[in-house]
Amino acid sequence: YSKKLIDNLLQIISLEIKKGNLNLKNIGTFKITNKNERLGRNPKTKEEHIIKARKSISFKISPNLSRNINTLNE
């Protein structure tokens, strides 16, 4: 039951982010950012390859949540 609940929640969050920014009060804001194509390198082999352009999700924590996290152990 809890797996289905989490899956549904993630699906709803994904759909809302696709519509635009998703602001969760006192938690933070999710938004889609576009990453350009770029040259990447395997750190182990030094082999270069192209990293394709893609969409990514950024998250900015709310000041309230940040303050709460930083004062937990005081």
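**View 1. Gly-28 and its bridge partner in strand 5.** In this predicted model, Gly-28 has Ile-61 as its bridge partner in strand 5. Ile-61 belongs to strand 5, which covers residues 54-61. Gly-28 also stands opposite Leu-24, with Gly-28 itself placed in strand 2. Ile-61 has a relative accessibility of 33%, so this residue counts as partly exposed.

View 2. In general, the strands of a sheet pair through backbone hydrogen bonds, and the pairing is either parallel or antiparallel. Here, strand 2 and strand 5 are paired in the antiparallel sense over eight bridges. Strand 1 and strand 2 (residues 28-35) also run antiparallel, and three bridges join them.

**View 3. The hairpin of strand 1 and strand 2.** Three residues lie between the two strands of this hairpin. At Asn-26, the phi angle is positive, near 65°. Two residue pairs show how the strands face each other. Leu-22 has Phe-30 of strand 2 as its bridge partner, and Leu-24 stands opposite Gly-28 of strand 2.

**View 4. The aromatic pair of Phe-30 and Phe-59.** One aromatic pair is found when the whole structure is searched. The pair consists of Phe-30 and Phe-59, with 4.7 Å from centre to centre. The ring planes stand at 45° to each other, and the pair is classed as tilted. Because Phe-30 lies in strand 2 and Phe-59 in strand 5, the pair ties together parts that are 29 residues apart in sequence. Phe-30 is also the bridge partner of Leu-22. For Phe-59, the relative accessible area is 41%, and the residue is therefore partly exposed.

View 5. Which residues make the nonpolar surface patch? The patch is made by Ile-27, Phe-59, Ile-61, Ile-69 and Leu-72, and its area is about 460 Å². Phe-59 is a member of the aromatic pair with Phe-30, and Ile-61 is the bridge partner of Gly-28. Patch residues need over 30% relative accessible area. Phe-59 has 41%, and Ile-61 has 33%.

Technical notes
Residues are numbered from 1 along each chain as its sequence is written. This is a predicted model: local features need pLDDT of at least 70, side-chain atom pairs count only at pLDDT 80 or more; totals for chains, interfaces and linings use all residues. Side-chain values use heavy atoms; hydrogens and water are left out. Patches are made of residues with over 30% relative accessible area and no salt bridge: like charges are joined within 9 Å, nonpolar side chains (Val, Leu, Ile, Met, Phe, Trp, Tyr) within 5 Å. Accessible areas come from the Shrake-Rupley method with a 1.4 Å probe; for residues, only the protein chains shown count as cover. A salt bridge is a side-chain nitrogen of Lys or Arg within 4 Å of a carboxyl oxygen of Asp or Glu. Helices (H or I, at least four residues) and strands (E, at least two) are DSSP runs, numbered from the N terminus. Buried means under 20% relative accessible area, exposed over 50%, partly exposed in between (1.4 Å probe, protein chains only). Two strands pair if DSSP finds at least two bridges between them. Rings of Phe, Tyr and Trp (its six-membered ring) pair if their centres lie within 6.5 Å; planes under 30 degrees apart count as stacked, over 60 as edge-to-face and the rest as tilted.
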